[in-house]
Structure formats: structure tokens, C-alpha cells
Amino acid sequence: MLRRIDTTDRVVFITIDDGYSRDPRVPDLLAEHGATATLFPVSGVVRADPQFFARFLELGGTVNSHTVYHDHLPNLDAATQRREVCGAAQSIANSLGGVGPFFRPPYGEWNSDTVAAARSCRLRAVVLWSVSVNKGFIATHGGPIKAGDIILMHFREELYTDLQAVFAELDRLGLSVARLEDYLPAA
Ligand SMILES: [Zn+2]
């Protein structure tokens with residue numbers, strides 16, 4: 001379970017979930033800042049709008065499983081969880097020609113069956129977060145954003161302005177955005 005990365009490099013990781021609102025200025029803004037993002041859309045929106053998600057791949061980002069139905073996984077039996085976790089990964093691979101190596105459970109809710117499901121389709125890590133951003137408010141576990149933090153954002157109407165707020169804060173703190181897969185602990 002990955003909540004943050006243990007590193008002294010001045011880097012953080014941007015993750016963006018769900019995908020119901022898709023602002024074309026968002027990948028442009030990432031590109032302006034030389035940043036990439038780790039995306040966790042539900043698989044249906046990737047199938048509906050693969051061109052939008054392909055732009056994040058061009059920036060060096062990844063598009064990863066976040067289930068098919070965005071359900072509360074601990075309420076589901078092991079076989080159903082496996083269909084949710086691995087079925088979404090397969091669907092994204094079909095839509096984009098490949099899928100990222102991560103899984104994020106909806107609502108951050110998981111149990112041992114969730115971890116086993118992700119392992120069964122060779123996903124390398126179950127990724128949670130240490131910082132969340134919503135409507136311009138950056139929520140940490142106390143203090144400013146720190147090196148190694150995994151930042152949770154969502155594809156919502158306010159994502160563009162939220163991202164602007166994050167970049168302003170990262171500039172102020174002397175932090176830059178790195179690729180999560182470059183900082184994964186060895187399995
Ligand atoms: Zn979600």
C-alpha cells in the first residue's frame with residue numbers, strides 16, 4: 001500500500017482520478033510545467049474518450065485501473081473485486097494500447113482481497129495518497145506539501161484551477177513533479 005514515497009529528492013507525484021469532467025486545458029497545463037500525472041480513471045470514460053487520455057500518455061504519464069463501477073470494494077467478494085480491478089485494467093489496455101502498473105481503490109477503501117486482485121493481474125502497487133486537493137484547498141497531514149507526497153486530485157470542473165494552485169505551491173516550496181513509476185520501491 002503506497003501512501004507516499006520515501007525520498008529526499010525534492011519531488012512529489014500528481015494523481016488524478018475518475019474522469020467524468022475532462023478539461024482539455026489540463027494536459028496543456030501539465031506540459032507547461034514539464035509535469036506528468038498518474039491517472040486513475042474508471043475504465044468506461046477511457047473507452048468513451050480515449051483521445052483525451054492519450055494526451056497524458058504523450059506527456060509521460062500513465063493511465064491505471066480504478067475499477068469499472070467505482071464501488072466500495074470491501075463490500076464485494078474476491079471474485080467480483082478481481083473483475084473490477086483486472087477488468088478495468090484490461091479495458092484500458094484495449095482502449096489505449098497499454099495500461100499503467102498501478103491500482104487505486106475507489107474511496108481509498110480496500111481489504112486483503114483487493115491486494116490479491118491487483119497482484120493477480122500483475123499490477124505493481126496499490127496507490128493511496130498523502131495530500132488531497134479540492135476546490136483550491138490543499139489538505140496535508142499537517143504542514144506544507146513535502147518531498148515524496150502523493151497528491152490526489154479529481155477530474156472535476158475545478159481541476160484546472162486546482163492544478164494552478166498546486167503548481168504555485170510547488171514553485172514556492174521548490175518541489176517538482178516526478179513519475180511515480182521512477183520512485184517505486186523494489187518489489
Ligand atoms: Zn474515484
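Pro-24 lies in the loop that runs between strand S1 (11-18) and helix H1 (25-32). The model is predicted. Two helix pairs are described below, H1 with H6 and H4 with H5, together with the largest nonpolar core, a set of 40 residues.

- Between the C-alpha atoms of Pro-24 and Glu-169 the separation is 22 Å, and the two residues are 145 residues apart along the chain.

**Helices H1 and H6**

- H1 packs with helix H6 (residues 159-173) at an angle of about 15 degrees, and their axes are 9 Å apart.
- The two helices, H1 and H6, are therefore roughly parallel to each other, because angles under 35 degrees fall in that class.
- H1 and H6 make a right-handed crossing.
- On the H1 side the contact is formed by Arg-25, Val-26 and Leu-29, which meet Leu-159, Tyr-160, Leu-163 and Gln-164 of H6.
- Sorted by class, the residues of this contact between H1 and H6 are five nonpolar, one polar and one charged.

**Helices H4 and H5**

- Helix H4 (residues 78-96) packs with helix H5 (residues 112-120) at an angle of about 50 degrees, with 9 Å between their axes.
- H4 and H5 are therefore oblique to each other; roughly parallel would need an angle under 35 degrees, and roughly perpendicular one of 65 to 115.
- The crossing in which H4 passes H5 is right-handed.
- H4 contributes Ala-78, Gln-81, Arg-82, Val-85 and Cys-86, and these meet Asp-113, Thr-114, Ala-116, Ala-117, Ala-118 and Ser-120 of H5.
- The contact of H4 with H5 contains six nonpolar, three polar and two charged residues.

**The largest nonpolar core**

- Within the largest nonpolar core, which has 40 residues, Phe-13 and Ile-151 have the most contacts.
- H4 gives the most to this core, with five residues.
- Apart from neighbours within four places in sequence, Phe-13 is in contact with Ile-5, Thr-38, Ile-150, Ile-151, Val-177, Ala-178 and Leu-180.
- In soluble globular proteins, nonpolar side chains tend to be buried together.

Note on methods:
Residues are numbered from 1 along each chain as its sequence is written. This is a predicted model: local features need pLDDT of at least 70, side-chain atom pairs count only at pLDDT 80 or more; totals for chains, interfaces and linings use all residues. Axes are lines fitted to C-alpha atoms, for helices over the stretch in contact, and angles run from 0 to 180 degrees between N-to-C directions. Helices (H or I, at least four residues) and strands (E, at least two) are DSSP runs, numbered from the N terminus. Angles under 35 degrees count as roughly parallel, over 145 as roughly antiparallel, 65 to 115 as roughly perpendicular and the rest as oblique. A crossing is left-handed if the near helix is turned anticlockwise from the far one by less than a right angle, and right-handed if clockwise. Two residues are in contact if their C-beta atoms, placed from the backbone, lie within 7 Å. Ala, Val, Leu, Ile, Met, Phe, Trp, Tyr, Cys and Pro count as nonpolar, Asp, Glu, Lys and Arg as charged, and the others, Gly among them, as polar. A nonpolar core is a set of buried Ala, Val, Leu, Ile, Met, Phe, Trp, Tyr and Cys residues joined through C-beta atoms within 7 Å. A residue is buried if 20 or more other C-beta atoms lie within 10 Å of its own, exposed if 12 or fewer, and partly exposed in between; C-beta atoms are placed from the backbone.
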